[in-house]
Amino acid sequence: MSFTLFMLLVQASAWTIGISAISIALGFLLALGISAALLSGRPLFVRPAQFFISFFRGVPLLVQLLLIYNLLPFIGLNVPSIVAAIIGMTLCTAAYQAENLRGGFESVPRGLVEAADMVGFSPRQVFVRIKIPIALRLTFPALVNEAIMILKSSSLVSVVGIIEITRMAQDLASSTYLPIQIFSSAALIYLVICWCVAMAGRYAERSLPGAVK
């Protein structure tokens with residue numbers, strides 16, 4: 001396989017990385033709100049959060065992407081394919097991250113929360129300054145693993161017309177009749193990207209306050 005073909009795969013990886021990074025970041029912010037709703041104890045918030053998690057964890061990402069891609073124009077929202085892809089991946093990863101964070105929040109020592117209440121922290125301050133840092137530290141490996149999973153799952157956005165690594169590999173393989181070389185190169189690129197994410201996550205985990213050096 002020529003260097004030119006390999007560079008086409010590398011260029012397509014920019015879409016893979018960009019879509020995944022945006023989806024993971026937005027999904028994390030959404031997951032914080034969902035996990036807070038789960039722990040609120042109020043049925044008005046708990047029930048929708050439970051339904052959200054059940055739906056987006058129970059339905060395959062491929063079906064979610066196709067549903068969102070076709071639903072948005074149906075309701076009058078004509079958005080680019082990349083927007084539909086990011087929305088689908090964001091909602092999917094938010095469901096998994098919310099469950100991870102919920103476990104982390106439930107593991108926060110009750111004594112720390114009670115101590116914060118005693119010194120006058122508001123519920124919002126307790127959540128932001130006590131619960132989130134501790135929950136993040138406890139769930140960080142799971143969150144990094146979810147980031148890697150969503151990065152690999154980004155190959156599915158090809159079904160809505162995004163030319164990322166997998167779609168580019170399919171197009172090149174069909175035009176060059178070199179499927180083994182093309183898909184091996186795509187696998188290598190995915191491996192390098194995921195390895196970099198894992199190493200960055202490991203470094204970030206050691207940098208968290210209270211982490212074991």
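The largest nonpolar core has 20 residues, and within this set Ile34, Phe52, Ile53 and Leu101 touch the most other members. A nonpolar core is here a set of buried Ala, Val, Leu, Ile, Met, Phe, Trp, Tyr and Cys residues joined through side-chain atoms within 4.5 Å. Two or more residues of this core come from each of α1 (3-39), α2 (43-58), α3 (61-74), α4 (81-106) and α6 (123-153). With seven residues, α4 gives the most to the core. Ile34 illustrates the packing: beyond its neighbours within four places in sequence, Ile34 is in contact (heavy atoms within 4.5 Å) with Ala49, Phe52, Ile53, Ala94 and Ala98. Apart from this core lies another, of 14 residues, among them Ala12, Ile165, Leu172 and Ile193.

The model is predicted; local features need pLDDT of at least 70 and side-chain atom pairs count only at pLDDT 80 or more, whereas totals for chains, interfaces and linings use all residues. Residues are numbered from 1 along each chain as its sequence is written, and side-chain values use heavy atoms, with hydrogens and water left out.

The chain contains eight helices and zero strands, so that its pattern along the sequence reads α-α-α-α-α-α-α-α, where helices (H or I, at least four residues) and strands (E, at least two) are DSSP runs numbered from the N terminus. The C-alpha trace spans about 70 × 50 × 25 Å along its principal axes. Of the 213 residues in the chain, 38% are buried; buried means under 20% relative accessible area, exposed over 50%, and partly exposed in between, with a 1.4 Å probe and protein chains only. Among contacts between residues at least 6 apart in sequence, 74% join residues at least 24 apart. The accessible surface amounts to about 11,800 Å², and 68% of this area belongs to carbon and sulfur atoms; accessible areas come from the Shrake-Rupley method with a 1.4 Å probe, and for residues only the protein chains shown count as cover.

Leu172 counts as buried because its relative accessibility is 7%. Although Leu172 and Phe6 are 166 residues apart in sequence, their C-alpha atoms are 9.9 Å apart in space. Outside the four places on either side in sequence, Leu172 is in contact with Leu5, Leu8, Leu9, Tyr177 and Ile182. Tyr177 has a positive phi of about 60° although it is not a glycine. Its relative accessible area is 69%, and Tyr177 is therefore exposed.

Charged side chains form a further theme. The chain has 14 positive and 8 negative side chains, and the centres of the two sets lie 5 Å apart. Lys and Arg count as positive and Asp and Glu as negative, while His and the chain ends are not counted; the place of a charge is taken as NZ of Lys, CZ of Arg, CG of Asp or CD of Glu. Side chains of opposite charge can pair when their charged atoms come close. The structure holds four salt bridges, each being a side-chain nitrogen of Lys or Arg within 4 Å of a carboxyl oxygen of Asp or Glu.

One of them joins Arg57 to Glu99, with the closest N and O atoms 3.4 Å apart. Because Arg57 lies in helix α2 and Glu99 in helix α4, this pair ties together parts that are 42 residues apart in sequence. Arg57 counts as partly exposed at 40% relative accessibility, as does Glu99 at 22%. Glu99 also forms a salt bridge with Arg102, whose closest N and O atoms are 2.9 Å apart. These two residues, Glu99 and Arg102, are three residues apart in helix α4 and thus separated by about one helical turn. Arg102, partly exposed with a relative accessible area of 24%, in turn forms a salt bridge with Glu106 at 3.1 Å between the closest N and O atoms. Through shared partners, salt bridges join Arg57, Glu99, Arg102 and Glu106 into one network.

Glu146, in helix α6, is buried yet has no salt bridge, and the nearest side chain of opposite charge, Arg57, is 8.2 Å away. Leaving aside neighbours within four places in sequence, Glu146 is in contact with Thr93, Tyr96, Gln97 and Asn100.
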